[in-house]
Amino acid sequence: MKQTYWKILKNIFKVLVTLGAIYWVSGKISFSELKETLMDCNPIFLVVALCTYALSQVVASSRLNSFFKCIGLQLTERYNLRLYQLGLLYNFFLPGGIGGDGYKIYFLKKNFDVSGRKVLSAVFFDRLSGLWALGIVIGCLVIFMPRLAIPNTLTIAAMLIGTATYYYFLRSFFSPFSKKFSVTHGKAILVQGLQSLTAVWILYAMNFDGKFSPYLLIFMLSSLVAIIPSIGGGLGLRESLIAFGAVYFKLDEHLAVLVSLLFYFISLLVASSGLYYFFRPQRLGVDKMPKPTDIEQELEKTTLEEN
């Protein structure tokens, strides 16, 4: 009974955090100005941004499959992409504690000869590689922003030491994942690079001709919001951080928030491709999709097994 109440409280907290973030952002921006900017957008660049983001998700799917291969799970790239698409959809509509990652762990454990602990580890290090790549991209952007007054030697040293420490940790305690370090983390850099490029195309779509690096920096920093439990794919949280960053760097607040909103809707559109497999689970080799409660119970069981 306590666990049930705790789950309800966690979901209520996530809803309140999301609604609070949306309310805070709505008080900081003018919707009429956002509408005017949006009406002047170049649709061609938005289509290019959509294609770039979609490509980033194809690479991200391949990166995850590389981690699966490290634990002996052999999935074709095509099949894994289908599963990944459905996971993207679940990231928007399942509670933050489950999401697409939880679904993939549940599905693979139930339908393949692999332990939940191993799948959990692969998914965890897939996420961790993305976080590492995000740190590298942010570090590179800092180098191109002299206004921050951070010595380049310090930034480069932090990236090198952080990477070396991270690799040492992998090789010492999770050696199967370190064997494909260059492949998995090369793909991680490519994913973050493509998503940065998506933001650039969105800025071009809004006829922006200023310096890109400050906007890209706050955009990439806002990606850290993915680690915060939320609903709706982090809607409101990312925009709150971007609005705060825009004020700090003295940027166009409306432009920065609109970049984030357009990126959100592009990611939602790409994630919606998973609807096909939600209604046609046979394409994944199953008869029906599991209930969220089933997924949550299985995740709890997997966590207990790991401990």
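Let's start with helix 11, residues 237-248. How many residues does helix 11 have, and what should they span? There are twelve, and at 1.5 Å a residue they should span 16 Å. The expected span is 1.5 Å times one less than the number of residues. The end C-alpha atoms of helix 11 are 17 Å apart, which agrees.

A word on the source. This is a predicted model, where local features need pLDDT of at least 70, side-chain atom pairs count only at pLDDT 80 or more, and totals for chains, interfaces and linings use all residues. Residues are numbered from 1 along each chain as its sequence is written, and side-chain values use heavy atoms, with hydrogens and water left out.

Back to helix 11. Which of its residues are buried? They are Leu237, Arg238, Glu239, Ser240, Ile242, Ala243, Gly245 and Ala246. Buried means under 20% relative accessible area, exposed means over 50%, and partly exposed is in between, using a 1.4 Å probe and protein chains only. Just after helix 11, lysine 250 takes a positive phi of about 60 degrees.

Now the whole fold. The protein has 14 helices and zero strands. Both come from DSSP runs numbered from the N terminus: helices are H or I with at least four residues, strands are E with at least two. Along the sequence, the pattern reads α-α-α-α-α-α-α-α-α-α-α-α-α-α. An α-helix has 3.6 residues a turn, so residues three or four places apart point the same way. Of the 307 residues in the protein, 47% are buried.

Next, helix 3, residues 43-70. Its 28 residues should span 40 Å at 1.5 Å a residue. The end C-alpha atoms of helix 3 are 41 Å apart, which agrees. At its start, a side-chain oxygen of asparagine 42 comes to within 3.0 Å of the backbone nitrogen of isoleucine 44. After helix 3 comes glycine 72, with a positive phi near 85 degrees.

Is cysteine 41 buried or exposed? Cysteine 41 counts as buried because its relative accessibility is 12%. Cysteine 70 is buried too, with a relative accessible area of 15%. A disulfide is a covalent bond between the sulfur atoms of two cysteines. Here the rule is a pair of cysteine sulfur atoms within 2.5 Å. By this rule, the count is zero disulfides.

On to the spaces inside. The search uses a 1 Å grid over the protein atoms alone. A cavity is a set of points where a 1.4 Å probe fits but cannot get out. A pocket is an open set with protein on both sides within 12 Å along at least five of seven lines. Lining residues have an atom within 4 Å of a point. Points are joined across faces, edges and corners, and a volume is the space filled by probe spheres set on them.

How many cavities of 30 Å³ or more are in the whole structure? The search finds one. The largest cavity has a volume of about 40 Å³. Its lining is Ala199, Leu203, Tyr215, Leu216, Ile218, Phe219, Ile242, Ala256 and Val259. The elements giving two or more of these residues are helix 9 (181-205), helix 10 (213-222) and helix 12 (253-271). Helix 10 gives the largest share, four residues. The lining divides into nine nonpolar, no polar and no charged. Nonpolar means Ala, Val, Leu, Ile, Met, Phe, Trp, Tyr, Cys and Pro; charged means Asp, Glu, Lys and Arg; the others, Gly among them, are polar.

Compare the second largest pocket, with about 200 Å³ of space. Eleven residues line this pocket, and Tyr106, Val286, Lys288, Met289 and Pro290 lie nearest its centre. Helix 5 (residues 99-111) gives the largest share of the lining, five residues. The lining holds six nonpolar, one polar and four charged residues.

Last, some loop and helix residues. Alanine 149 has a positive phi of about 60 degrees although it is not a glycine. Alanine 149 sits in the loop between helix 6 (116-143) and helix 7 (152-173). At 64% relative accessibility, alanine 149 counts as exposed. Asparagine 207, also not a glycine, has a positive phi of about 60 degrees. Its place is in the loop between helix 9 and helix 10. Methionine 39, in helix 2 (residues 31-39), is exposed at 63%. Its C-alpha atom is 9.2 Å from that of methionine 206, 167 residues apart along the chain.

Key:
A polar contact is a pair of N or O atoms within 3.5 Å; within protein, one must be able to donate a hydrogen and the other to accept it, and residues adjacent in sequence count only if both atoms are side-chain atoms.
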